[in-house]
Amino acid sequence: LILARIVGDKGRVYAVDKNKKVLGELMGRAFGRSLRNIEDKFVSGGAKTPTEIPLLDESIDVGWFSDVLHDGYFEKDEEKEELLRDVYRILKEDGFIAVHPVHMEKERLKKVIKSTGFYLVEEYQEVVLFHGNEFHEGRIFKFKKDR
């Protein structure tokens, strides 16, 4: 919802999730706040967390990941890399991804992301974030496509 307000009426936010209930709740909150620039994208992978994103090549400016790239969803680093390669595909050449790491050792996560063609641009520390119904201090990593 915050991202939808940031990009405004001329922008678009794609909410991608494997949980239809979560997407439905989000879209209900967006509708209640008159935010019409969010499009939900359900991805299904059965028992396996999906790694393919239903968006066109080089179609997004920014990718935001909060509490996604960890062993609870992707048991093996190779699975995380699969998803990140698809993110690389949909990200515009001058775009970037921002990652809020939760439940994964930060250096390991940076190594996984770098292995898929991204380089670390900046690390923001002590950022106040909302996660799991509470505010906490966290980090955000900003990565761009390596050329």
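Ile6 is found in helix 1, where helices (H or I, at least four residues) and strands (E, at least two) are DSSP runs numbered from the N terminus. At 63% relative accessibility, Ile6 counts as exposed; the classes used are buried (under 20% relative accessible area), exposed (over 50%) and partly exposed (in between), with a 1.4 Å probe and protein chains only. The model is a predicted one, in which local features need pLDDT of at least 70 and side-chain atom pairs count only at pLDDT 80 or more, while totals for chains, interfaces and linings use all residues. Residues are numbered from 1 along each chain as its sequence is written, and side-chain values use heavy atoms, with hydrogens and water left out.

Together with Ile2, Leu3, Val7 and Trp64, Ile6 makes a nonpolar surface patch of about 500 Å². Such patches join nonpolar side chains (Val, Leu, Ile, Met, Phe, Trp, Tyr) within 5 Å, from residues with over 30% relative accessible area and no salt bridge. Helix 1 (residues 2-7) contributes the most to the patch, with four residues.

Most residues other than glycine have a negative phi.

Key: Patch = residues over 30% accessible without salt bridge, like charges linked within 9 Å, V, L, I, M, F, W, Y side chains within 5 Å. Areas by Shrake-Rupley, 256 points an atom, 1.4 Å probe, with all protein chains shown as cover. Salt bridge = Lys/Arg side-chain N within 4 Å of Asp/Glu carboxyl O.
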